[in-house]
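Got your viewer open and ready? Let's take a short walk through this one, a stop at a time.

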Amino acid sequence: MTTGHVFIACSLDGFIARPDGDLDWLMRVDTGGDDHGYNAMIASVDGLIMGRGTFEKVLTFTPWPYPKPVVVMSQSRQSSDVSEALEGQVEICDLSPLAAMEKVHRAGWKRAYIDGGQLIQSFLAAGLIEDMIITRAPVLIGQGVPLFGEVPADVQLEHLGTKGFSSGMVQSHYRVVRDV
């Protein structure tokens, strides 16, 4: 089965976006040109599975930032909503997390980058996340879209490592511990 991997940034107080989805706070962090491991992550996956809200935000970026196929999980958007420029690169599906992983597995994906707060939460709840790299930005925004919400049961994590960057960002890598 395809494995799910998270690579995401959040504010120090745990938000991935402002309540309206804005990422201005993250864009103001001076990275000094360091990609904080993003390029290596993208190179390690076969494609991305993202939520509708993340997709709508990414649509505002120019140029389209992903060199890999993207599956958008949405109950409200249709395949016809994909612009001509993104045809063949983006597919919109209304599937459960397990059905989405089965779909990309059939397409030959071994590793999928899972992106978007609610989507990450649903894939975690379904036991479909292998590991998470979470980068905390040195900013408090007070309110917004939380990275994590309620979980049906505790999610045990093994800490694989933490590193700091000159940008002030701190990145931690966790493996999701499966029941044995």
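This is a predicted model: local features need pLDDT of at least 70, side-chain atom pairs count only at pLDDT 80 or more; totals for chains, interfaces and linings use all residues.

Residues are numbered from 1 along each chain as its sequence is written, and side-chain values use heavy atoms, with hydrogens and water left out.

**Stop one: strand β6.** Select residues 111–115. Strands here are DSSP runs of E, at least two residues, and helices are runs of H or I, at least four, numbered from the N terminus. Four of the five residues in β6 are buried, so the strand is largely enclosed by the rest of the structure. Buried means under 20% relative accessible area (1.4 Å probe, protein chains only).

Look for G4 opposite A112. Strands count as paired if DSSP finds at least two bridges between them.

**Stop three: helix α4.** Select residues 97–106 and colour the buried ones: P97, A100, M101 and V104. Seen down the helix axis, they fall within an arc of 95°, so they line one face of α4. That arc is taken from the directions from the axis to the C-beta atoms. These buried residues pack against β1, β3, β4 (70–73), β6 and α5 (117–125), with contact meaning heavy atoms within 4.5 Å. Just after α4, click G108, which takes a positive phi of about 95°.

Notes. Buried means under 20% relative accessible area, exposed over 50%, partly exposed in between (1.4 Å probe, protein chains only).
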